[in-house]
Amino acid sequence: MKFDASSQAVSASRRAFLRGAVGMVSATSFSSSLALTGSAIRPADKTIVVTFGGGARDEETFAEEGQANIPNLLHTLLPQGTFFTQVRNAGILGHYVATASIVTGVYERFNNFIAQPPPNPTLFEYFRRELRRPETDAWVIAPSNGFQKIGSSSAQGFGPQFGAGVILPKRLLSAASRNTPNLFDNDQLQHFLQDNYEMPSYDISVTAQDNEMHLDTLESTLRLSVQDFVKHARTLDSADELSIFIARRLMDQQAPSLMMLTLHDMDVAHSGAFSLYIDAIQRADRLCAELWKAVQSHPEYKDRTTVYIMPDFGRDADDDPAGNGFQHHRTGSAMARTTWLLALGPHVRQNTVVDRAIESIDLVPTIGCHLGFSTNSPGRCIEELR
């Protein structure tokens, strides 16, 4: 797909804002020292990927009028990492298929609304097969029922025996609510169990065989922790809050080397509720900071972990006559296709902005380059993150 100057304009706007707001500097001014740094530091041996299911537009984030919504990203996380202003998505703008493209490093073309394994090998399969990692070392915390098969592919020579365990937080909550009927009031539970905002129905009949590998080893731990979640969560109607809670429980109980989770609350934008969309952006901003703080305070993860944060894609622009503004992502315009990536970790240069265009499918080969396993992705290793 050909990208025009509009993507570059989006990138330039982000770059100018970041330099003015937090004083981030360009990576091009010290590219030679980047290469030296990458070869001198021992690679981090744990990786966490955080995607935003349903992008947040610059108007509500990186533009001047949106900066109040992302204080943690701007003032806590970005100064500690490298920020890529121009991540292009040339694939289908549906959440499951776009996330599958991110984890396979291939622009997948299957039906976004059918739960099926990706046809190409996933990051988790490459990682576990080549590095001979155990089944408890890779996990996906999925936002909705439709993501149940994202942990492994249907590719020959790969498959579930090399895949990641997939945890559906809403399934766990549904099971807990049956055992503890007064745990939530009905209104909260109904909102919480809504599968997603494009297909708002949740099938609680999903079984452990549907790619929720080795859930039996974790179910008691996670179920018992629901009471703790209720006690400590700031809100009981956020699936993102529950996903981060489960991620932290996984860190404590299993300390996996590779973990991925999707923050999906902001896709409430599909309902047309701008205030709820803003609330979800602010919550994602807070939760990303909480996750990074947990990483840096955890003995198994501190100074050993690279965290990658990126939206799966963007949303329509207000001035696009074919779109619905913040509400949808249907036009395929530059605003919908041009996102960003923030990387943090011991080998990642801090307080750095990179302007050159990369693609969302570059993440898989980049992680492979860094951790030492090969991939068949057409994407390229991001040199600044080797």
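Reply: On a 1 Å grid over the protein atoms alone, a pocket is an open set of points where a 1.4 Å probe fits, with protein on both sides within 12 Å along at least five of seven lines, and its lining residues have an atom within 4 Å of a point. Grid points are joined across faces, edges and corners, and a volume is the space filled by probe spheres set on the points. This is a predicted model, in which local features need pLDDT of at least 70 and side-chain atom pairs count only at pLDDT 80 or more, while totals for chains, interfaces and linings use all residues. Residues are numbered from 1 along each chain as its sequence is written, and side-chain values use heavy atoms, leaving out hydrogens and water.

Me: ok, what volume does the largest pocket have?

Reply: The largest pocket has a volume of about 330 Å³, and 18 residues line it, with H232, I244, F245, R248 and E290 nearest its centre.

Me: and which helix gives the most to that lining?

Reply: That is α10, with seven residues, where helices are DSSP runs of H or I with at least four residues, numbered from the N terminus.

Me: switching topic, at what angle do α10 and α11 cross?

Reply: The axes of α10 (residues 239-253) and α11 (residues 274-297) cross at roughly 5 degrees and come within 10 Å; axes are lines fitted to C-alpha atoms over the stretch in contact, with angles from 0 to 180 degrees between N-to-C directions. The two helices are therefore roughly parallel, a term for angles under 35 degrees.

Me: which residues of α10 meet α11?

Reply: D240, E241, I244, R248 and M251 do, contact meaning heavy atoms within 4.5 Å.

Note on methods. Parallel < 35°, antiparallel > 145°, perpendicular 65-115°, else oblique.
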